[in-house]
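Trainee: I would like to go through this structure one feature at a time. Please give the general idea where there is one, then the case here.

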Amino acid sequence: MAKTDDAFSHSEYWDEHFSKTDGEAPTHEWLCSYGDLEGFFQKVLFEGPGCRPDDNPLILHLGSGDSVIPAELDSRGYSRQLCVDFSPKAIEIMTERYKSRPGIKWEQMDVRDMAGIADKSVGVAFDKSTLDAMIHGNPWSPPRDVRENTGRYLREVHRVLEDGGVFLCVTFRQRHFMTPLLNPDGLWDLDFEVLGGKVGSFDYYGWVLRKASCQK
Ligand SMILES: C[S@@+](CC[C@H](N)C(=O)[O-])C[C@H]1O[C@@H](n2cnc3c(N)ncnc32)[C@H](O)[C@@H]1O
């Protein structure tokens, strides 16, 4: 697929990307590794009310690609995980790669239309750079297709999330660009922290979204 400004928002681009796999090793862990996120996970997941392994939450990975994070969480006791991605190739390779981990399911799905997932069934939703992939153009004034796609996505996450659930979104885009895209309808209470900060690396950001008026 020719690389255009909006290429990352098309499944054909990602199919071509994941076709480069050797079958075993991840093609690329986007933005940051599991280890980079461990402190963030400690606070909001491992010690978060309703989010601990013993609480057995359903974790939904949105645009999971070939990230190792679901496997890392499986190793830490999270045994109900659903990974969705609109790239058939990503789902094919991950189903094969992790067939020995029955606690992780893989399904081809567009996060803008998750009709296969019941309302209020997800305890933790996780996005690392999937929302980023939907965004292109002028960050001060995103084009209409960006506002439409991100709006549909955020409404779907809101629909599938339990009232007391949490949506964790890791992005490289700065706060002032993300806030209007994350919360166009005022559906969420937003919390935010700067992650990263290693010498030589750029900052990235960890958002914690809860349904408005449903704070635990
Ligand atoms: C930048 S990669 C991040 C992959 C993975 N989360 C990681 O951190 O390594 C973006 C991923 O989102 C997926 N994606 C983008 N738009 C999507 C959509 N509308 N529905 C489902 N998956 C999508 C792509 O196929 C790709 O796997």
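Mentor: We can start with helix H4, whose buried residues are Ala90, Ile91, Ile93 and Met94. Keep in mind that this is a predicted model.

Trainee: What covers the buried residues of H4?

Mentor: The cover includes helix H1, strand E2 (81-85) and strand E3 (104-108).

Trainee: How is the packing of two helices read, and at what angle do the axes of H1 and H4 cross?

Mentor: Two packed helices are described by the angle between their axes and the distance between the axes. Here H1 (residues 11-18) and H4 (residues 88-97) have axes that cross at roughly 35° and come within 7 Å. On the H1 side the contact is made by Trp14, Asp15 and Phe18, and on the H4 side by Pro88, Lys89, Ala90 and Ile93. By type, the residues of this contact are 5 nonpolar and 2 charged, with no polar ones.

Trainee: Trp14 belongs to that contact. Which residues come nearest to the ligand?

Mentor: Trp14 again, together with Gly63, Gly65, Phe86 and Lys128, out of 20 residues around the ligand. The shell divides into 8 polar, 7 nonpolar and 5 charged residues.

Trainee: Which residues of the largest nonpolar core touch the most other members?

Mentor: In this core of 51 residues they are Leu60, Val84, Val124, Ala125 and Phe167. Strand E5 (residues 161-171) gives the most to the core, with 6 residues. Take leucine 60 as an example: leaving out residues up to four places away in sequence, leucine 60 touches Leu82, Val84, Val122, Ala125, Phe126 and Val160.

Trainee: What does UniProt place at residues 60-169?

Mentor: An unreviewed UniProt entry places the feature "domain: Methyltransferase type" there. In the model, the chain over residues 60-169 is 35% helix and 26% strand, and the end C-alpha atoms are 12 Å apart.

Trainee: Next, glycine 123. Is this residue buried or exposed?

Mentor: Glycine 123 is buried, because 21 other C-beta atoms lie within 10 Å, and the cut-off for buried is 20 or more. Glycine 123 lies in strand E4 (residues 122-128). Beyond residues up to four places away in sequence, glycine 123 touches Gly50, Cys51, Pro57, Leu58, Ile59, Glu162 and Gly165.

Trainee: Why does leucine 31 count as partly exposed, whereas serine 129 is buried?

Mentor: The counts fall on either side of the cut-off, which is 20 or more for buried. Leucine 31 has 19 C-beta neighbours inside 10 Å and so counts as partly exposed, while serine 129 has 20 other C-beta atoms within 10 Å and is therefore buried.

Trainee: Last, aspartate 132 in helix H5. Which residues does aspartate 132 touch?

Mentor: Not counting residues up to four places away in sequence, they are Thr171, Phe172 and Arg173. Aspartate 132 and arginine 173 are 41 residues apart along the chain, yet their C-alpha atoms are separated by 7.3 Å. Aspartate 132 is buried, because 20 other C-beta atoms lie within 10 Å.

Key: Residues numbered from 1 in each chain as written. Predicted model: local features only at pLDDT ≥ 70, side-chain atom pairs only at ≥ 80, totals over all residues. Helix = DSSP H or I, 4+ residues; strand = E, 2+ residues; numbered from the N terminus. Buried ≥ 20, exposed ≤ 12 C-beta atoms within 10 Å, placed from the backbone. Contact = placed C-beta atoms within 7 Å. Near = placed C-beta within 6 Å. Nonpolar A, V, L, I, M, F, W, Y, C, P; charged D, E, K, R; others polar. Axes fitted to C-alpha atoms, helices over the stretch in contact; angles between N-to-C directions. UniProt positions renumbered as here; feature names shortened; annotations may be inferred. Core = buried A, V, L, I, M, F, W, Y, C linked by C-beta atoms within 7 Å.
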